[in-house]
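Please look over the structure below.

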Amino acid sequence: MMGRMTQAATVYGCIEAGGTKFVLGLVASDARILARTRIATAQPAETGAAAIGWLRTAVAEHGRFAAIGIATFGPAEVLHASPRWGFMADTPKPGWSGADIAGPYARAFGVPIGFDTDVNAAAVAERRWGAAQGAENAVYITVGTGIGGGAVINGAPVHGLGHPEMGHVPVARHAEDRFGGVCPFHGDCLEGLASGPAIERRWGKSLSELPRDHPGHGIIAHYLAQLCIMLTGIAAPSRIVIGGGVSQTPGLIDAVRRETRRLSGGYFAGDPMDIIVPPGLGENSGLLGAFALARDAERG
Ligand code: ZN
């Protein structure tokens with residue numbers, strides 16, 4: 001029932017800003033998703049206007065905003081001290097380089113805005129409510145159109161000279177892989193070899209469409225396992241959450257666990273079988289990531 005009680009409720013505007021779609025949600029303080037929709041990503045001004053329009057209508061029905069969280073695709077300026085905070089950085093996506101992402105929402109609604117990468121936000125949400133609960137250090141990796149990763153270290157999302165870019169790291173070649181890679185910057189970096197487009201270009205199909213005995217499964221697991229070992233060696237996370245479209249290929253997470261265990265030679269603390277996990281929040285990692293950013297922005 002939508003009555004006066006609900007009219008007075010405090011809600012959070014949540015935006016998962018992706019390169020192909022924006023997922024918008026209205027989330028209650030107890031993390032219930034009250035309303036959600038998705039819109040196709042067009043040019044920045046047009047997409048922002050459509051998102052603001054939906055949020056305005058939704059909030060009029062459900063309550064008032066306490067804060068808004070934006071979990072965005074990258075690269076983006078996430079450092080609070082920067083005059084370009086809330087803007088996109090240089091991106092190959094036409095029209096989006098230097099676009100003001102957060103500003104239009106701040107002007108439209110006049111509430112605190114949280115802004116971070118989609119993967120940093122997902123790492124925060126998975127640690128707060130999902131598969132990485134209780135982890136002092138946790139990483140969230142997405143394997144889909146691209147490969148990206150965010151991290152929470154000692155309880156806080158990682159910002160440094162920008163934000164982590166875990167997909168663009170060099171990896172050792174699988175002996176049977178002769179593919180040149182698709183990264184426009186590096187060719188055969190991890191993203192160049194193991195992202196969805198790399199898989200489609202190399203084998204003409206998505207990983208889940210390939211037969212179960214196709215060598216592609218082992219090759220992709222080999223590359224993703226190397227990232228897991230790098231992360232383990234550098235940040236000792238107690239959970240590495242792997243999400244994104246490619247990660248939903250049946251058997252892939254298990255193959256990455258086994259390959260990580262094999263390549264690590266028993267050297268590191270912890271068992272990859274326990275450390276490497278699918279998202280506990282499922283497809284809501286992104287939207288609840290935006291919610292986590294909104295909550296943190298509200299607290300200042
Ligand atoms: Zn690259």
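**Zinc site and domain interface**

Along the chain, the donors of the zinc ion are spaced as H-x14-C-x2-H-x2-C. Donors here are N, O and S atoms within 2.8 Å of the metal (3.2 Å for Na, K and Ca), and water is not among the atoms, so sites may look incomplete. This is a predicted model, in which local features need pLDDT of at least 70 and side-chain atom pairs count only at pLDDT 80 or more, while totals for chains, interfaces and linings use all residues. Residues are numbered from 1 along each chain as its sequence is written, and side-chain values use heavy atoms, with hydrogens and water left out.

**Zinc ion**

- The protein donors are H168 (ND1), C183 (SG), H186 (ND1) and C189 (SG), at 2.1 to 2.3 Å from the zinc ion.
- The arrangement is tetrahedral because the four donor atoms subtend angles of 102 to 120° around the zinc ion; four donors count as tetrahedral if all angles lie between 85 and 135 degrees.

**Domains**

- The protein is divided into domain 1 (11–119) and domain 2 (131–279), with bounds from an automatic or database domain assignment.
- The centres of domain 1 and domain 2, taken over C-alpha atoms, are 27 Å apart.

**Interface**

- Eight residues of domain 1 are in contact with twelve residues of domain 2 (heavy atoms within 4.5 Å).
- Between domain 1 and domain 2, about 750 Å² is buried, and carbon and sulfur atoms give 69% of this area; buried area is the accessible area (1.4 Å probe) that two parts lose on being put together, summed over both.
- There are zero salt bridges between domain 1 and domain 2 (a side-chain nitrogen of Lys or Arg within 4 Å of a carboxyl oxygen of Asp or Glu).

Terms used: Four donors count as tetrahedral if all angles lie between 85 and 135 degrees; four count as square planar and six as octahedral if opposite donors are over 155 degrees apart and all others between 65 and 115; anything else is irregular.
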